[in-house]
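Student: I would like to go through this structure with you and check what each structural label rests on. Could we set the values against the definitions?

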Amino acid sequence: MAAMLQPQIILLKEGTDTSQGKAQVVSNINACTAVADSIRTTLGPRGMDKLIHDDKGNTTISNDGATIMKLLDIVHPAAKILVDIAKSQDSEVGDGTTTVVLLAGEFLKEAKPFIEDGVHPQNLIRSYRTASLLAINKIKDLAVSIEGKSLEEKKSLLAKCAATTLSSKLIGGEKEFFANMVVDAVLAIGIDDRLNLIGIKKVPGGNMRDSFLVNGVAFKKTFSYAGFEQQPKKFLNPKILLLNIELELKSEKENAEIRLSDPSQYQSIVDAEWNIIYDKLYKCVKSGAKIVLSRLAIGDLATQYFADRDIFCAGRVTEEDLQRVAAATGGTVQTSVNNCIDEVLGSCELFEERQVGNERFNIFNGCPSGQTATIVLRGGADQFIEEAERSLHDAIMIVRRALKNSTIVPGGGAIDMELSRYLRVHARTIAGKSQLFINSYAKALEIIPRQLCDNAGFDSTDVLNKLRQKHASGEGANYGVDINTGGIADSFANFVWEPAVVKINAINAATEACCLILSVDETVKNPKSESAQGEAAASAMAGRGRGGAAFRGRGGRGMRRR
């Protein structure tokens, strides 16, 4: 009786939505599985593309997991974790974004029946963490190093890694052509592996084979003033001056006031302005530079002055392109034309202005420090070129990673099947429930080869049985799905390779996301604060509306009076 008379304790604000317990965990798992299902079909060389149409009317056609995840407007809080792991995989290794989301979704799918049967999530989390550590150590054991090879051998090995990445993309038909281009670009920037040193310029028109690599810098011709036509468009071994100042005739600013006692003195002020610009231009010419680039405008007076002296100039060059020219030519960007000595000037073997499609491009070839490269991409539709750029970004990241962490593993689902077999065998040595949990983790890893088969239209059950048999024999660690025949093949011998770091990162991120989602047993949603914000915004809008109406009213009365 006393218990019934106790007052009700209200802990949270009225209208708060709370859901907790087993049902909440299952609900989060279902949401994540739905997200994984949405990009499931993009995996592998026969993966389909997604066309995403946003509220602004932009359409994006993509096969890249991270791009699709970013563009999907996901509102479920637990499912957003999958978007984050796709982004982290993209920024860390560049490829394997679809893989990481699929693995996380499959780990959760395998955990769902255990949660429904009343298993405590912490038991699952502990076993999954153990399984992921075992899997990562096994990858390190199976990985093959490409260190100590000659440059030619290394280039061909890296090209095979890039080709494996590109095979699942829209430009997969030309993967050899682009793989070699990517390897040359990454090797050109050397040890300074900042991604912005590789420029990708998109020019609509032509076909993919018209794309080319510039061992240096290429950028679109900037806005030019009159007199530009008279400038030379080609130089051999020119000196290059890089500036961050305006070369334009400037009047006095900031409300300057000059008092004159004699009108003839006015001419001396005008002459002073002209002398300042002429002095700057003279110093540029005196430096011996044949090419003058500036981040700010180079006006018509300066353009004509340089044209008369056979000097090429370009103003309003973007910051990114100017920095890349500086890195490639060995020059330094100057904020003054005083003291333009040889040490601050850059140089290159050949400069030319060339027509590429409908655009004019300024191209610097044979740069001495060679710390930059530019890929000029051609293609029919804008969406196609955009997707080609995303594909090349993945390939560039993979080659950079393979150069740094020079260990590779066989692709085509081979490494996943081997890890699955290894974990199944290990699970038999463990007593208790965790044997079942590690077994379910091992089963989840089979999603990669299974999805590769499904996306290619093969019978996944049949192929997986052959793969299990081959891996169980102890000699088939490198066997994966053969996309061309629908059977199984030695992925290593067929040069289907990927850097070990891609797989390690994917398993790590997917397991972390899975454990995080399993550890959440309550979601608290407070709609009150949202509605309060909505009311404030609505009242502000109403206020603006009334102000507008009042203003219109006055205008109306004014019209009548007239």
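This is a predicted model: local features need pLDDT of at least 70, side-chain atom pairs count only at pLDDT 80 or more; totals for chains, interfaces and linings use all residues.

Student: Which residues stand opposite phenylalanine 351?
Tutor: Phenylalanine 235 stands opposite it on one side of the pairing, and phenylalanine 364 in strand 14 does too. Strand 14 (residues 359-365) is antiparallel to strand 13, with 7 bridges. These two strands form a hairpin with 2 residues between them, and glycine 357 in the turn has a positive phi of about 60 degrees.

Student: What makes arginine 40 and aspartate 37 a salt bridge?
Tutor: The term requires a side-chain nitrogen of Lys or Arg within 4 Å of a carboxyl oxygen of Asp or Glu. Here the N to O distance is 2.7 Å, so the pair qualifies. The whole structure holds 17 salt bridges.

Student: Why is arginine 40 called buried, and aspartate 37 partly exposed?
Tutor: Buried means under 20% relative accessible area, exposed over 50%, and partly exposed in between (1.4 Å probe, protein chains only). Arginine 40 has 13%, so it is buried; aspartate 37 has 40%, so it counts as partly exposed.

Student: What about aspartate 321 and lysine 201: which parts of the chain do they link?
Tutor: Their closest N and O atoms are 3.1 Å apart, in a salt bridge. Aspartate 321 is in helix 11 (residues 319-329) and lysine 201 in strand 5 (residues 198-204), 120 residues apart. Both residues are buried.

Student: Why does the salt bridge of arginine 295 and glutamate 319 tie together separate parts?
Tutor: The two side chains meet at 3.2 Å, N to O. Arginine 295 lies in the loop between strand 10 (291-294) and helix 10 (300-308), whereas glutamate 319 is in helix 11, so the pair bridges 24 residues of sequence. Arginine 295 is partly exposed at 33%, and glutamate 319 is partly exposed at 39%.

Student: Why is glutamate 387 called buried?
Tutor: Its relative accessibility is 1%, so glutamate 387 counts as buried. This residue is found in helix 12 (residues 382-404). Among the residues that glutamate 387 touches are Ile61, Asn63 and Leu170, not counting residues up to four places away in sequence; contact means heavy atoms within 4.5 Å.

Student: What makes a set of residues a nonpolar core?
Tutor: Its members are buried Ala, Val, Leu, Ile, Met, Phe, Trp, Tyr and Cys residues joined through side-chain atoms within 4.5 Å. The largest one has 64 residues, and Leu103, Phe107 and Ile507 are among those with the most contacts inside it. Helix 17 (residues 500-518) gives the largest share of this core, 11 residues. Apart from it lies another core of 39 residues, including Met181 and Ile408.

Methods: Residues are numbered from 1 along each chain as its sequence is written. Side-chain values use heavy atoms; hydrogens and water are left out. Two strands pair if DSSP finds at least two bridges between them. Helices (H or I, at least four residues) and strands (E, at least two) are DSSP runs, numbered from the N terminus.
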